[in-house]
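Dear colleague,

I am handing over the structure below for you to look through. My notes on what was found in it follow directly after.

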Amino acid sequence: MPSIDVCFSPELLHLYDLKGKAVVAVDILRATSTMVTAFAEGAAQIFPVMELEECRGFAAQGCLTAAERNGIKAEGFDLGNSPFGYMDGNVLGRDIAITTTNGTRAIRMSETAEEVVVGAFLNLQAVAEHLAELGLDVLVVCAGWKGQFNLEDTLFAGALVERLQDSFSSENDSALAAVYLYQTAKADLVTFLRQSSHVRRLEHLEIHKDIEFCLRHDVYNVLPVWRHDRLV
Ligand code: 3SL
């Protein structure tokens with residue numbers, strides 16, 4: 001039986017061997033939720049990059065550019081990191097280059113894995129079905145916040161472990177802890193996360209509707225997959 005494990009921060013990735021594994025990169029608030037939304041809204045390809053300047057450079061090849069730092073849209077880019085910014089037909093058929101504080105970093109730091117997919121509550125079932133079909137050992141890579149643990153990505157990891165519990169073993173404490181946390185919180189994730197650090201950070205920016213949206217389960221049947229240098 002394949003296994004599923006959880007890495008609580010990209011800074012801990014050096015402790016894991018990604019060879020032959022499937023990675024699920026997750027940044028619930030909000031990068032991977034936004035990418036899933038962009039694909040659901042018809043985006044063609046997404047180039048996640050780490051630096052603002054690199055992202056800006058993609059405009060020359062016809063990409064929309066998106067950038068966020070510390071929760072705020074970076075100046076001079078077409079888009080920010082709110083899923084609602086990708087919903088008015090503006091991304092249909094377009095390639096997007098995006099850089100965010102933590103989420104794009106988690107994706108790029110995972111790219112040596114056999115397979116990298118982007119996960120969010122919004123596409124949880126699509127991710128679970130894909131992993132079950134693939135049959136590889138899985139590592140959920142939580143983006144966290146600037147190297148530190150966060151609750152929302154861990155809750156997603158717990159939800160995924162719970163969905164895969166019949167076909168994957170999960171013996172490591174990180175996976176067990178994520179499931180326990182999710183089972184404690186799942187009746188009302190919005191309330192559970194009210195005191196969490198990133199929700200407090202985002203509420204300060206008055207984007208409560210983003211938080212509620214990103215915590216909704218199984219809204220989209222899309223699966224962003226890493227191929228060479230991009231998500232398709
Ligand atoms: O850290 C990130 O990558 C972002 O998703 C953070 S925020 O939700 O845009 O504040």
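N70 is exposed, having 9 other C-beta atoms within 10 Å; here a residue counts as buried if 20 or more other C-beta atoms lie within 10 Å of its own, exposed if 12 or fewer, and partly exposed in between, with C-beta atoms placed from the backbone. N70 also has a positive phi of about 55 degrees although it is not a glycine, and it is found in the loop between strand 4 (64-69) and strand 5 (72-73), where strands (E, at least two residues) and helices (H or I, at least four) are DSSP runs numbered from the N terminus.

Please bear in mind that this is a predicted model, in which local features need pLDDT of at least 70 and side-chain atom pairs count only at pLDDT 80 or more, while totals for chains, interfaces and linings use all residues. Residues are numbered from 1 along each chain as its sequence is written. The mean pLDDT of the protein (the predictor's confidence in each residue, from 0 to 100) is 96, and 100% of its residues reach 70 or more; the model scores ipTM 0.96 and pTM 0.97.

Two further backbone features deserve a look. K146, which is not a glycine either, has a positive phi near 50 degrees; K146 lies in the loop between strand 8 (138-142) and helix 5 and counts as partly exposed, with 13 C-beta neighbours inside 10 Å. A cis peptide bond, with omega about -10 degrees, joins L29 and R30, and R30 has its place in the loop between strand 2 (22-26) and helix 1. For context, most residues other than glycine have a negative phi, and most peptide bonds are trans.

Helix 1 (residues 31-40) is mostly covered, since 9 of its 10 residues are buried, among them T32, M35 and F39. Just after helix 1, G42 takes a positive phi of about 100 degrees.

Best regards
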